[in-house]
Amino acid sequence: MTAEEPAGIAGRGVAGPRAGVPATPGGASGAPRGGPATSGEPARPAGTPATGTAPASGAALEGDPGPRGVWVLSAAAVRRGDRLAADAGLGGPVLMETAGRTAATLLWKVAGPFSAREPVVVLAGGGNNGGDGMVLARWVARWAGPTAVKVFLLAEPGRLRGEAAVQWSLLARSGVPAFALAGEPAPGAQQGSRQNPGTGAGAAPVAAEFPEPGAARQPAAGSAGAAGPHTEVGPQPAADRPAAAGPPAAAGAGSGVGLAVDPFLDHLEAAVARARVVVDALLGVGVRGAPRPLAARALQVVGAAGVPVFALDLPSGLDADTGEAAPVVPRATWTATFAAAKWGLVLGQGPERAGQVFVVDIGWPQETGTGVGGTGGEAEAGAPGGGTGGFPSARVLDAAGVAALLPRRPWDAHKGWAGHVVVAGGRPGQVGAAVLAGTAALQAGAGTVTLAVPAPVRTEAAVHRPEIMTWALPATAGGEWDAAAVTALAQRERERRGRVVRVIGPGLGQSPGAAACLVAWLGLDRPAARDPAEGASDDDRPADAPHGRPADGAPGTDGEPGARAPEGAAAAGSAAAGPVCRPTVLDADGLNLAALLGIDRLRERPGSFPLVLTPHPGEAARLLGWTTARVQAERPRAAVELARRAGAVAVLKGAGTLIAGPGGELYICTRGHPGMASAGMGDALAGIVGAFLAQGLEPLAAALVAVFVHALAGELAAPAEGIPVQATQLITRLPEALDRIRRGSPGSAAALGIPGVAWLRPPLEGDGAPVG
Ligand SMILES: NC(=O)c1ccc[n+]([C@@H]2O[C@H](COP(=O)([O-])OP(=O)(O)OC[C@H]3O[C@@H](n4cnc5c(N)ncnc54)[C@H](OP(=O)(O)O)[C@@H]3O)[C@@H](O)[C@H]2O)c1
């Protein structure tokens, strides 16, 4: 029966929702990491110290786009990628064969084995998505015999074009039972009692099975697509057969039976009810709008059966760019998406509809990804996939890429090596926010941490962690921040040796004093703020800072993440005691106050000192002057816009946190889970970013590492996906998250031990999950 067993497949997966999640994240031991699908190039060297005395400042990001996770692309960019691949000599048939065969291997792994008693049902459309499904069916038939799979083509075979027509012909040779809508019904044929909703091609279809072997095959009238070279092996034209009005014949018989739409759907219903899994190959990135009536009816049949669904490329009808989904869009258990992930799989309802998503390398030449990566945001007029077509391309953060960025402590490291994080925040009633940021910074590796708070709340801030210092700063009578805190803070910071980083905002409040402090800390109170493109002098360089690395993507700067005395500092105070700009993380009220200043003013900051913004969607909306709804609807664009306008790194928090660099770089973190939506999570993240800045990473690298570590710690703290996690619980898991990343255990490259298949979002690492 089984002609050939797929390579690398051992044993049977477990069917059912989320059954594809293996017990051991990352697949079998020895599974390649950073395989072809995920690592266009070899992993870059870890951030080893450039000088031997200081950590490298994001060496892995210098001159290249950073971690090499899989791409997330718009539908327009996918089409561009296909064209580039074709130009390079890899045409559609080759890509389709690779896509379908790899998907068949994956399907077998998560839901197989299959047999005539537990078959696969493939619901195929008339485009290339359907072609992929037919390739998959052919391979399942080779491995398990032709009766282990049934194909339902929701299109008229005579109208198939290109690769889909070729695949239909090949399927005919395989002996797989297949049903299809055919062309105009035979004269006098019954169409059933229900109204035929049409296919969109204007036909009044009936269904046809493949003919018996050796049965006469004639070209259908007007069916140019199946004529010519494929006619002799194509399906029996419906016009040659009477369309039956009664119940369908038993599936799998392989006898030619012409069926109207309703019997076709009845037959689909019967087959799906006995299926082990349904492969949704109806609509891919070529979908335009919500599924039309006939497609919707077929999808309803599938959805009503409650059988696990394995979607090809994306669940049918899901908008490839926005993740919008009509009610009939299947809730897949697994989705195999080809060449690259699509925005619709990570935005909107995509994550819920797509289930466990695997990114399948179909062999695009490596330069193809780069080609679409930089320009994927350009809109393509009338592009399918919702017409947005304008989202920029992004890379998915994975553990291997993040591990390469982690700072490595030299054996003789001392606390000054790992920098000093100053959390400027806390006010009456909101001290906890600053404490959370400081504690997270400490746990993420900052050498020393200080909470700089208004004097009246110092005691409250000091009781939480003995390792954390507190500075009492000038305050108003009500305990709010006073503008005099600027000079006081500068004096205390000068007492520190080494790199000092500020995390400004957690619990800061929006009082006038806080606003005045922020303006001074950002260096915006001097009339002649230095051009961001202008370099800082060597005199401004901290004692142990590395040399000669660009900061924040600003050309021409020496980019040291240390103290900068902006021009005009003397006007605001003496050079020794006046305000100094330092690498800064802006969060919470720091962002709200910046929004009042105007985000574009952040570009005027002197010396272009490293700056990372960490807004949630509401804060991002205030910064951009958008509505929160618009930010959420256009998250990729919002992140890029924040970074561009501020001339800074922007971390747009939320499900699928986005990290954008000022040079147009864009990354997405698919880790974490809904249980992390709780108070204090943002404060913790801000502190973690500060910790990695303090350890010498460039701002983009610091943000990437921090977001990933934060998400992984949130997974570790949860016993299961969606179980609420408190910020303090997450913070305690940070060292373990770092350890797992460093040891490469959160396997995010090869999935299920299948080369060329990567997780988009690996299984939760939660408590009780075995270490991979
Ligand atoms: N070479 C490869 O292997 C390769 C490369 C890239 C992509 N792919 C696969 O091919 C897919 C893209 O192929 P494609 O461009 O041919 O598009 P498609 O995703 O297969 O969709 C096109 C088909 O869907 C129908 N359709 C569109 N909107 C519809 C709606 N709202 N309701 C019902 N039917 C609708 C179209 O019918 P009408 O024409 O009548 O509108 C057409 O038959 C990808 O998702 C992927 O699966 C394969």
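Which side chains meet in a salt bridge at 3.5 Å, N to O? I am working with a predicted model, and in it I found that the two are Arg601 and Glu604. I then looked up their accessibility: Arg601 is partly exposed at a relative accessible area of 28%, and Glu604 is partly exposed as well, at 38%.

Next entry, on other charged pairs. I noted that Arg465 and Glu467 form a salt bridge whose closest N and O atoms are 3.0 Å apart; Arg465 has a relative accessible area of 23%, while Glu467 has 46%, and I recorded each as partly exposed. For Arg637 and Glu634 I found a salt bridge with 2.6 Å between the closest N and O atoms. Here Arg637 is partly exposed, at 28%, but Glu634 is buried, because its relative accessible area of 17% falls under the 20% cut-off. I also wrote down a network of salt bridges that links Glu493, Arg502 and Arg582, and the total count of salt bridges, which comes to 21.

Last entry, on helix α17. I looked up residues 617–624 and found that seven of the eight are buried, so the helix is largely enclosed by the rest of the structure. Among the buried ones I listed Pro617, Gly618, Leu623 and Leu624. What covers them? I found that the cover of the buried residues includes α16 (589–597), α18 (628–633), α19 (635–646) and β20 (649–652). After α17 comes Gly625, and I noted that its phi is positive, near 75°.

Terms used: Residues numbered from 1 in each chain as written. Predicted model: local features only at pLDDT ≥ 70, side-chain atom pairs only at ≥ 80, totals over all residues. Heavy atoms only, no water. Buried < 20%, exposed > 50% of the residue type's maximum accessible area, 1.4 Å probe, protein only. Helix = DSSP H or I, 4+ residues; strand = E, 2+ residues; numbered from the N terminus. Contact = heavy atoms within 4.5 Å. Salt bridge = Lys/Arg side-chain N within 4 Å of Asp/Glu carboxyl O.
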